[in-house]
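Good morning, and thank you for making time for this item. I would like to take you through one structure, and I ask that you keep the view open while I speak.

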Amino acid sequence: MIYQIWQAQQDLQFPARAFAATAGRMLRQWESATASVPLAAPFIRTAGAAMELIAHARTTHSRPDYGFTTVQVGNRAAQVTEEVVHETPFGTLLRFAKDTPVQQPRVLVVAPMSGHFSTLLRGTVETLLPDHDVYITDWVNARDVPLSAGGFDFDDFTDHIIRFLEVMGPGSHVLAVCQPAPATLAAVAVMAEARNRATPASMTLMAGPIDTRVHPTKVNDLAKSKPIEWFERNLIGTVPERYAGAGRRVYPGAVQLQAFMSMNLERHMKAHRTQFENIVAGRVEEAAAHRRFYDEYFAVMDLPAEYYLQTVQRIFQDHDLPRGELVHRGRKVRPEAIRRTALMTVEGERDDICAIGQTMAALDLCPNIPLANRHHHLQTGVGHYGVFSGRRWANEVYPRVRAMIQANS
């Protein structure tokens, strides 16, 4: 019933949000007309700000645009186009193709399937684009996938990474952000053991839960606080009839969003109070930045139930990967089989989602990678998102990632 309750809540709130959006547009039109009226102008701006916050207090299931049109490559601006390279019902291998003859290292960015669209990594891709031929795992909202497409579990996620790397070809590189780090390590291990020609030349794991026994966070404690049956009983819903994936069991993205927001509720409340003040004061750039962030943050996607439950159990409860017990298609995953793929792990000093040491654990799981090809970077002064987005990522983390990729290209 969890999905039906959430959907009913959204349907009930729709008229109020629609009214607020309309009222807000009208108030903005009146703003200029009342600019010279001392008492009316502040009231109009205040009311308009309130209407905007009400209208935007909603989740959507629409993937935002990546929005890349040009990128500076050397001394010229190259046009960027999105190219579908490979497609399955659950995910697309999307390439940000550039009209430049320069051959650059091919990099697969493995995005999280954790309640948000892959566009959450727009900043990561934007930084990589000038120096690399960038591909991304563009995951599909599970509520839009018909039941006839079958299920999607942890093994399927791993298989998608393997298949995408095969399509990209030998000599590619892979960079996983956050939640897909264990599956990415598993995929590379499976490829290495099979002597797959497309085994990547390098692997970068950023703020990912390789071993959550190390300095457990609130997120880790929550995952272990209940048996897996509790998660299935209380957090899994069924997609309503109105959607293409009707009848599919999913972990609703809206539930994940609520969990994320509850961890930092005061910060989100402060951000919206500041947005109210920005609109009233006419601080256009600051208000626009807030809208861009929350339009992305409130765009949610549902996860296939089997994938979500297996991830919780295998990665966060049973710690299968660091214990050497992770299985892929009936065979144990052997990270020690990785020998020729360079490995870099990246963590954030203030990360309250994936603590220091949890990602670095991958280095110990891959003892047969030469020491010279095993690297770790701890970025000071950043939390979880700062590892792969923002100024510190672009200026301090990325140069090290770029150097490692170039050294192995």
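Leucine 108 touches Leu93, Tyr135, Ile136, Thr137, Ile161, Phe164, Leu165, Met168, His173, Val174 and Leu175, once residues up to four places away in sequence are set aside. Please bear in mind that this is a predicted model. Leu108 also belongs to the largest nonpolar core, which has 94 residues. Together with Phe96 and Leu185, Leu108 touches the most other members of that core. The element that gives the most to this core is helix H5, residues 181-193, with nine residues. As general background, nonpolar side chains in soluble globular proteins tend to be buried together.

Let me now turn to the chain as a whole. Its secondary structure comprises 13 helices and 14 strands. Of its 409 residues, 52% count as buried. Among contacts with a separation of 6 or more, 76% are accounted for by residues 24 or more positions apart. The accessible surface comes to about 18,600 Å², and carbon and sulfur atoms hold 54% of that area.

How many cavities of 30 Å³ or more does the count give? The count comes to one, and the volume of the largest cavity is about 90 Å³. Helix H2 (40-55), helix H9 (265-281) and helix H10 (284-297) are the elements that give two or more residues to its lining. H10 supplies the largest share, four residues. The complete lining consists of Glu52, Leu53, His56, Ala57, His272, Gln275, His290, Arg291, Tyr294, Asp295 and Phe298.

I move on to helix H11, residues 305-317. Why may H11 be described as largely enclosed by the rest of the structure? The reason is that ten of its 13 residues are buried. These are Ala305, Tyr307, Tyr308, Leu309, Thr311, Val312, Arg314, Ile315, Phe316 and Gln317. Just after H11, histidine 319 takes a positive phi of about 55°.

That brings me to backbone angles. Most residues other than glycine have a negative phi, and two further residues deserve mention here. Cysteine 178 has a positive phi near 70°, and its place is in the loop between strand S6 (173-177) and H5. Is cysteine 178 buried or exposed? Cysteine 178 counts as buried, because its relative accessibility is 15% and the cut-off for buried is under 20%. Arginine 329, also not a glycine, has a positive phi of about 50°. Arginine 329 lies in the loop between strand S11 (327-328) and strand S12 (331-332). At 45% relative accessibility, arginine 329 counts as partly exposed.

Finally, I draw your attention to tyrosine 385, in the loop between strand S14 (374-379) and helix H13 (391-407). This tyrosine 385 is partly exposed, with a relative accessible area of 31%. Leaving aside neighbours within four places in sequence, tyrosine 385 is in contact with Leu120 and Tyr297. Tyrosine 385 and aspartate 351 are 34 residues apart in sequence, with a C-alpha to C-alpha distance of 8.1 Å.

Thank you for your attention; I am glad to take questions.

Notes:
Residues are numbered from 1 along each chain as its sequence is written. This is a predicted model: local features need pLDDT of at least 70, side-chain atom pairs count only at pLDDT 80 or more; totals for chains, interfaces and linings use all residues. Side-chain values use heavy atoms; hydrogens and water are left out. On a 1 Å grid over the protein atoms alone, a cavity is a set of points where a 1.4 Å probe fits but cannot get out, and a pocket is an open set with protein on both sides within 12 Å along at least five of seven lines; lining residues have an atom within 4 Å of a point. Grid points are joined across faces, edges and corners, and a volume is the space filled by probe spheres set on the points. A nonpolar core is a set of buried Ala, Val, Leu, Ile, Met, Phe, Trp, Tyr and Cys residues joined through side-chain atoms within 4.5 Å. Buried means under 20% relative accessible area, exposed over 50%, partly exposed in between (1.4 Å probe, protein chains only). Contact means heavy atoms within 4.5 Å. Accessible areas come from the Shrake-Rupley method with a 1.4 Å probe; for residues, only the protein chains shown count as cover.
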